[in-house]
Amino acid sequence: MNLEEIEKLMKMLENSTLASLEVEENGLRIRLDKNSPMHEVVKPNETIVSSKKEEKVEEKTLGHEITAPLVGTFHQAPYKDAKPFVALGQKVKKGQKLCIIEAMKVMNEITSPYDGTILKILAKENDVVEFGKPLFLIGD
């Protein structure tokens, strides 16, 4: 597989509704993931430690990671053009609404299990999130 073919795969993934794509050809495995700033090219019998995992370890030492409890569409506000429930740097209380995850036309409110400050918003408006996908990072 040459660079041109890899670039074509990247464009196909970008323009699709898929979250990730993995291809293996002649012992070369390529994994592309829309939610990761890093893509991996792995040769046979080679182990790679993803920088994304290292980043998560660092984030967890800074605060609490709030993850999606279900699969659905992430919404930062109650309706289009409304003010988001929370903003970066905002202080939140335990039980405060952070976002909505829409699943099968049901709006599921996601609340904070902690008091703290929003350090990072890890999902974007209208992202399709999977169970366990990080949504927010809340610091003490």
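**Exercise 1. Surface and composition**

*Solution.* The model is predicted: local features need pLDDT of at least 70, side-chain atom pairs count only at pLDDT 80 or more, and totals for chains, interfaces and linings use all residues. Residues are numbered from 1 along each chain as its sequence is written, and side-chain values use heavy atoms, with hydrogens and water left out.

Step 1. Take the area. The protein chain exposes about 9,600 Å², computed by the Shrake-Rupley method with a 1.4 Å probe; for residues, only the protein chains shown count as cover.

Step 2. Take the share. Carbon and sulfur atoms supply 52% of that area.

Step 3. Turn to burial. Of the 140 residues, 30% count as buried. Buried means under 20% relative accessible area, exposed means over 50%, and partly exposed lies in between (1.4 Å probe, protein chains only).

Step 4. Find a nonpolar patch. Val-71, Val-128 and Phe-131 form one on the surface, with about 340 Å² of accessible area together. Patch residues have over 30% relative accessible area and no salt bridge; nonpolar side chains (Val, Leu, Ile, Met, Phe, Trp, Tyr) are joined within 5 Å, like charges within 9 Å. Val-71 sits in the loop between E4 and strand E5 (72–75). Its relative accessible area is 51%, so Val-71 is exposed.

**Exercise 2. Elements and sheet**

List the elements of the chain, then trace the open sheet of four strands.

*Solution.* Step 1. Count the elements. The chain has two helices and 11 strands. These are DSSP runs, numbered from the N terminus: helices are H or I with at least four residues, strands E with at least two. From the N terminus the order is α-β-β-β-α-β-β-β-β-β-β-β-β.

Step 1. Order the sheet. It reads E4-E11-E9-E6, with antiparallel pairing. Two strands pair if DSSP finds at least two bridges between them. Strands E4 (64–67) and E6 (91–92) are the edges, each pairing on one side only.

Step 2. Join E6 to E9 (residues 116–121). Two bridges link these antiparallel strands. Lys-91 has Thr-117 as its bridge partner. Val-92 stands opposite Gly-116.

Step 3. Join E9 to E11 (residues 134–139). Four bridges pair them in the antiparallel sense. Ile-118 stands opposite Ile-138.

**Exercise 3. Ser-112**

Is Ser-112 buried or exposed? Describe its surroundings.

*Solution.* Step 1. Locate Ser-112: the loop between E8 and E9.

Step 1. Classify. Ser-112 is buried because its relative accessible area is 2%.

Step 2. Follow the side chain. The Ser-112 side chain reaches the backbone oxygen of Tyr-114 at 2.5 Å.

Step 3. List contacts (heavy atoms within 4.5 Å). Leaving aside neighbours within four places in sequence, Ser-112 touches Val-92, Lys-93, Lys-94, Gly-95, Gln-96, Leu-98 and Ile-138.

Conventions
A salt bridge is a side-chain nitrogen of Lys or Arg within 4 Å of a carboxyl oxygen of Asp or Glu. A polar contact is a pair of N or O atoms within 3.5 Å; within protein, one must be able to donate a hydrogen and the other to accept it, and residues adjacent in sequence count only if both atoms are side-chain atoms.
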